[in-house]
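Here is a short report on charged pairs and a surface patch. Look over the sequence and the structure first, then read on.

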Amino acid sequence: MAQDSGTRTLISQAQLRRGRGRAIYWTLLAVVIIGFTLVFLGPLYWMVTGALKSGQEIAQTPPSLFPQDPQWRNYADAWNNLDLAKLLFNTFYYAAGAVLFQLVLDTAAAYSLSKLRPMFGNAILGLMLATLMIPAMVLIVPQYVTVIDLPILHLSLLDSPFAIWLPLVANAFNIFLLKRFFDSIPEDLMAAALMDGATPLRTLWSIILPMSRPILGVVSIFAVTAVWKDFLWPKLVMPSPETRTVSVGIYAFAGGTPMNVVIAASVIAAIPTVILFMLFQRNIMSGLTTGGLKG
Amino acid sequence: MAITSAPGTVGTAARPAPPSPAGPRRTSLGRKLRDNLTGHAFLIGAVLCFAVFAWYPMVRGVIMSFQRTRRGETTWVGWDNYVRILDDPSFWTAWKNTFHFTILALVLGYAVPFFVAILLNELRHAKGYLRILVYLPVMLPPASALYLFKFYAYDPSDAGLFNAILKALHLPTSQWMQSPEMTMPAMVIASTWMNMGGAVLIYLAALQNIPGELYEAAELDGAGIWRRIRHVTIPQTRLILALLALLQIVATMQLFIEPLILANGAGAEDSATSVAYLIYQHGFFQNDLNGAAALGVIMLVVLAGFSAGYLRLTAKQD
């Protein structure tokens, strides 16, 4: 990348340009490119082609590099038997809702904590950040009990998308990320808007949000991947086959389904997030880099 | 820059009049109250979600761990749940396994991403491609990635990917998930492969913030590459290294889906049972939500003790 070429790192440019340094550099680069491709792309190749192999071909030694007789039926079977269309739709639906709820509620909270600074704001932020240190497993049982019988309201959220959407709003990492970004927006802009009589909501909408597109993108992508990757929580709160997510659906079928079909289903389940990543990898990378996680 | 185009801007003429000198204190108090109300109004949605789905469950978890619910009747049973949990031999196996995983994950899942990031930061070419490669597995649903490992990589026959590679290199093959000794390393390998992308990118960002002059100076002082890493790279990324170490340990406490999918839960000779898996077992299979809550509280206490010790350790260094 252009911005990196000027800065010096561990090894200086001069050292790399010299005869021996240059040879080492190019060898290392070749080794890294080939090694990383094998390690990170290799298994995916194995997965996509493995799902095309017949049961016998999979069990054969040594394993074949290309499927000899591609069994496209495995993919068709996975699609039909697991009702992947329904599972994928559910997962999309949960992911979209999660993005919406997190964007609206977490952005508002981070804006308040960063710019409006109400009383007890720091205490509230502290209580939120404290949850970062608590593994989800610690809370899984009382959270589940809460979701099946909400306090005061006595509603059960079982099989309701809100059981996925609302707990995800309680995401201290997002609020921290957004707050750090809002903190970096100059106070002068806020003061100027205030002078012009803009309400806090208007300032958020017309000044802060347009400047925060990159971080909002990052939060959205994290929200989608969180839903796509989560397993135990949707398994617990979406017990009906009709409301399952794709990961849970594959797990539920894995027991009695041929291995090739399970793998074919896994490939299909991976496609949407991989495409999403390919489209937004620039934002994801820059979000992780500029997102205030600099210690 | 955005302010000039903001629709709320009407120009300098629209500025509100300064507060009247008659009651500056009352105005500021009223205004403070109003500002606070607005501030809290913006907070309320997220705070309610935290309250219902994070803070309240924490308190409730502790209360539940001292109760027993039978046929809809809840009674206070004191430490009974804890005694029962501690008496169960699988409790100790699960902790042993979880610590084993934590240690291996610190060696592999923590050190490897750091060195990968250093390596990537040094390369001047194919940077974008390599970053995408490292992050790609993070985007797979964990179930997908784990079935890939379970069926293809860890196939105990010679048809498995890992065994085929070992055989081609004339190394002894392994039973992987069928052998109690290999269960943990196999789970750590899969988990590291799946998760390291995020850590690599965060390290890369930290590495890019190191001023080049520091390396320059170290080089002039005659420091070789290893000493430059030790005396410049590591101290300069200390904070982020410390933070990720802590998060990594919290994350390893969650070890659940790896045993569930790779080892069908307990694994060979209970070599895969984790504390998280035990919580799941108690809570959702043995219908023992109170025992599961007690396990959760124990996990929390262990982590809190660990974090406290860790903070003291890092505070001393500063």
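## Terms and model

A residue counts as buried under 20% relative accessible area and as exposed over 50%, with partly exposed in between. The model discussed here is predicted.

## Salt bridges overall

Side chains of opposite charge can pair when their charged atoms come close. How many salt bridges does the structure hold over all chains? The count is seven. Three of these pairs are described below.

## A link across chain A

A:Arg117 is exposed, because its relative accessibility is 54% and the cut-off for exposed is over 50%. Its partner in a salt bridge is A:Glu187. The closest N and O atoms of this pair lie 3.8 Å apart.

A:Glu187 counts as partly exposed, at 39% relative accessibility. The pair also belongs to a network of salt bridges: A:Lys115, A:Arg117 and A:Glu187 are linked in it.

## A pair within one helix

A:Arg73 and A:Asp77 also form a salt bridge through their side chains, at 3.2 Å from N to O. Why are these two residues separated by about one helical turn? They are four residues apart in helix H5 (residues 73-81) of chain A, so about one helical turn separates them. A:Arg73 is exposed, with a relative accessible area of 59%.

## A link across chain B

Chain B has a salt bridge between B:Asp288 and B:Arg84. Their closest N and O atoms are 2.6 Å apart. This pair, too, links distant parts of its chain, 204 residues apart. B:Asp288 lies in the loop between helix H13 (275-284) and helix H14 (289-317) of chain B. B:Arg84 lies in helix H3 (residues 80-87) of chain B.

B:Arg84 is partly exposed, at 31% relative accessibility.

## A nonpolar patch on chain A

Which residues make the nonpolar surface patch of about 380 Å²? They are A:Ile271, A:Ile275, A:Leu279 and A:Phe280. A:Phe280 is found in helix H16 (residues 259-290) of chain A. At 34% relative accessibility, A:Phe280 counts as partly exposed.

Notes. Residues are numbered from 1 along each chain as its sequence is written. Chains are lettered from A and ligands numbered from 1 in the order in which they are written. This is a predicted model: local features need pLDDT of at least 70, side-chain atom pairs count only at pLDDT 80 or more; totals for chains, interfaces and linings use all residues. Side-chain values use heavy atoms; hydrogens and water are left out. Patches are made of residues with over 30% relative accessible area and no salt bridge: like charges are joined within 9 Å, nonpolar side chains (Val, Leu, Ile, Met, Phe, Trp, Tyr) within 5 Å. Accessible areas come from the Shrake-Rupley method with a 1.4 Å probe; for residues, only the protein chains shown count as cover. A salt bridge is a side-chain nitrogen of Lys or Arg within 4 Å of a carboxyl oxygen of Asp or Glu. Buried means under 20% relative accessible area, exposed over 50%, partly exposed in between (1.4 Å probe, protein chains only).
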